[in-house]
Amino acid sequence: MIIVYKRDKTLYTVIKNNFDEEDFEKLYVTLEYHIKNHTKTSWYVEMEDIKYLTKSVLNKITIFKFSREEHLKNVAFVGK
């Protein structure tokens, strides 16, 4: 499950329990759009109790690329 919300130039993402391909696509599309439309943006990611992660999603994460990565000013990953 993924929850995404925005505040000013910061994108907040909360990933709970399972993270499947549908969640990944939602995250990718939202982040790509946000990066294209905001320069010097920040991305905050919180992970909670990840119990399920498919191999295909893991492979996609390792090749995570965006068209305007230079717009990302700060990235923070937190979790247990």
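**View 1. Glu-32 forms a salt bridge with Lys-36, their closest N and O atoms lying 3.9 Å apart.** A salt bridge here is a side-chain nitrogen of Lys or Arg within 4 Å of a carboxyl oxygen of Asp or Glu. This is a predicted model, in which local features need pLDDT of at least 70, side-chain atom pairs count only at pLDDT 80 or more, and totals for chains, interfaces and linings use all residues. Residues are numbered from 1 along each chain as its sequence is written, and side-chain values use heavy atoms, with hydrogens and water left out. Glu-32 and Lys-36 sit four residues apart in helix H1 (residues 21–37), about one helical turn. Helices (H or I, at least four residues) and strands (E, at least two) are DSSP runs, numbered from the N terminus. Glu-32 is buried at 12% relative accessibility, while Lys-36 is partly exposed at 41%. Buried means under 20% relative accessible area, exposed over 50%, and partly exposed in between (1.4 Å probe, protein chains only).

**View 2. Lys-16 forms a salt bridge with Glu-48.** The closest N and O atoms of this pair are 3.9 Å apart. Lys-16 belongs to strand E2 (residues 10–19) and Glu-48 to strand E3 (residues 41–53), so the pair ties together parts that are 32 residues apart in sequence. Lys-16 is partly exposed, at 27%, and Glu-48 is partly exposed at 27% too.

**View 3. Phe-77 is found in strand E4.** Have a look at its side chain: Phe-77 is exposed, with a relative accessible area of 52%.
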